[in-house]
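Hi everyone, thanks for coming along. Let me put today's structure up on the screen, and then I'll walk you through a few parts of it.

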Amino acid sequence: IGIIFLIDYLDDTIKTPDQVLEDTDLTTLGAIAIIKQSDDNNSLITQSAPRDPISEAYRVIRTNLDFSSVDEELTSFLVSSASPGEGKSTTAANLAIVIAQTGKKVVLIDADLRRPVQHKIFNLSNNMGLTTTILDNQTPVFTHLQGTKITNLQLLTSGPIPPNPAELLN
């Protein structure tokens, strides 16, 4: 029993939204359930199943983002996490879709230069994108953007994966 209490005491993971508030004095914008998917095309749940509870959860996050900054409209968002496979790409794609559905023009940038997947999620080419934009400072950025099937949503894919992503960004 002592070992169980010790393990519980040493476990510092956050398991509930209430723990986020308790530990950081920050509120959560929303929670997304695990999306059962067989391939990247099923990741766009807000497009394929707009009435699904998970789609509604993304709309709740969109609304909470709008209300989190009443004085000044937010114009950019960064989706990140500490570990791979936690749903960053899926969250970014679905959040971009629900924001575009409000009529706002959205550009989703895939800045993952190690394991990019936004081009797979949206079924687009990855021949040009962020890396080609960085290397080609003569061409305007908008020429590297690709249209998607979603109205008001454009994608800047990662582009060809460089051998040294950190040095390229530097």
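Quick housekeeping before I go on. This is a predicted model, where local features need pLDDT of at least 70 and side-chain atom pairs count only at pLDDT 80 or more, while totals for chains, interfaces and linings use all residues. Residues are numbered from 1 along each chain as its sequence is written, and side-chain values use heavy atoms, leaving out hydrogens and water. Helices (H or I, at least four residues) and strands (E, at least two) are DSSP runs, numbered from the N terminus.

Now, the sheet. It is open, has three strands in the order E1-E3-E2, and its pairing is mixed; two strands pair if DSSP finds at least two bridges between them. E1 and E2 are the edge strands, each pairing on one side only. E1 and E3 (residues 153-156) run parallel and are joined by four bridges, with Gln154 in E3 as the bridge partner of Val107. E2 and E3 run antiparallel, with two bridges, and Gln146 has Leu155 of E3 as its bridge partner.

E2 and E3 also form a hairpin with five residues between them, and Asn152 in the turn has a positive phi of about 75 degrees. Thr151 lies in the loop between E2 (146-147) and E3. Is Thr151 buried or exposed? It counts as exposed, because its relative accessibility is 61%.

On to the helices. Two packed helices are described by the angle between their axes and the distance between the axes. For H4 (residues 53-68) and H5 (residues 88-100), the axes come within 9 Å and cross at roughly 70 degrees. Axes are lines fitted to C-alpha atoms, for helices over the stretch in contact, and angles run from 0 to 180 degrees between N-to-C directions. H4 and H5 are therefore roughly perpendicular to each other, a label that covers 65 to 115 degrees, with under 35 counted as roughly parallel, over 145 as roughly antiparallel and the rest as oblique. The contact, meaning heavy atoms within 4.5 Å, is made by Tyr58, Arg59, Ile61, Arg62 and Leu65 of H4 and Thr90, Thr91, Asn94, Leu95, Val98 and Ile99 of H5.

H5 also lies across E1 and E3, running at about 175 degrees to E1. In the loop between H5 and E1 we find Lys105, which counts as exposed at 75% relative accessibility.

One last stop: His119, in helix H6 (residues 118-121). His119 is buried, because its relative accessible area is 13%. Leaving aside neighbours within four places in sequence, the contacts of His119 include Asp110, Asn126 and Leu155.

Definitions and conventions. Buried < 20%, exposed > 50% of the residue type's maximum accessible area, 1.4 Å probe, protein only.
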